[in-house]
Amino acid sequence: MINLKIFKILFDMTRIGWIIVGILVYFLLGWILKDIVFSIITIEGDTTMGDILKYEQIVYSALTAIYIIIMYIVQGDDNGDSSSPIMLVIATYLGARFLPLSMGSVILYSVLNIVAIIWGACELKKG
């Protein structure tokens, strides 16, 4: 079992630190994971942009939710509930599935995921 005290010492960051790292993780690690997923799936002539966007949204939503959970685990048990930012990620994903494919909906999707990261970091209590 991994000792969480070591992680607390290593990752004893402020809310701003969690936000900055979260945004970097979202864009950089999301980009890498998305490329890995795209190399695994089969893209044929009849594959639409909607099909590709579905995989991209799954990757970014999962990454955002996992990052929020890691924030709460590392910061300790005395923190609030992480379910509200995670519910925003889920609602954003479900909402994006029903919006028409446009540049505005893609930007809105990314902005709402970043808002979930910021909201999750702002919910952390410093103890």
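These legends accompany several close-up views of a predicted model. Local features were kept at pLDDT of at least 70 and side-chain atom pairs at pLDDT 80 or more, while totals for chains, interfaces and linings use all residues. Residues are numbered from 1 along each chain as its sequence is written, and side-chain values use heavy atoms, with hydrogens and water left out.

**View 1. The overall fold is made of helices.** The protein has five helices and zero strands, running α-α-α-α-α from the N terminus. Helices (H or I, at least four residues) and strands (E, at least two) are DSSP runs, numbered from the N terminus. Among contacts with a separation of 6 or more, 79% join residues 24 or more positions apart; contact means heavy atoms within 4.5 Å.

**View 2. The largest nonpolar core holds 19 residues.** Such a core is a set of buried Ala, Val, Leu, Ile, Met, Phe, Trp, Tyr and Cys residues joined through side-chain atoms within 4.5 Å. Buried means under 20% relative accessible area, exposed over 50%, and partly exposed in between (1.4 Å probe, protein chains only). Look for Trp18, Tyr26, Ile68 and Met71, the members that touch the most others. Helices H2 (15–40), H3 (49–75), H4 (83–98) and H5 (103–122) each give two or more residues to this core, and H3 gives the most, with six. Leaving aside residues up to four places away in sequence, Ile68 touches Ser82, Pro85, Ile86, Val89, Ala116 and Ile117.

**View 3. Tyr26, Phe27 and Tyr60 are linked into a cluster by ring pairs.** Rings of Phe, Tyr and Trp (its six-membered ring) pair if their centres lie within 6.5 Å; planes under 30 degrees apart count as stacked, over 60 as edge-to-face and the rest as tilted. The structure holds three aromatic pairs. Tyr26 and Phe27 have ring centres 5.2 Å apart and planes at 80 degrees, so they are edge-to-face. Tyr26 and Tyr60 form a tilted pair, at 4.9 Å centre to centre and 45 degrees between the planes. This second pair links distant parts of the chain, with Tyr26 in helix H2 and Tyr60 in helix H3, 34 residues apart. Tyr26 is buried at 2% relative accessible area and Tyr60 is buried at 9%, whereas Phe27 is partly exposed at 41%.

**View 4. A nonpolar patch lies on the surface.** Its members are Ile16, Ile20, Leu24, Phe27, Leu28 and Trp31, with about 630 Å² of accessible area together. Accessible areas come from the Shrake-Rupley method with a 1.4 Å probe; for residues, only the protein chains shown count as cover. Patches take residues with over 30% relative accessible area and no salt bridge, joining like charges within 9 Å and nonpolar side chains (Val, Leu, Ile, Met, Phe, Trp, Tyr) within 5 Å. A salt bridge is a side-chain nitrogen of Lys or Arg within 4 Å of a carboxyl oxygen of Asp or Glu. Trp31 sits in helix H2.
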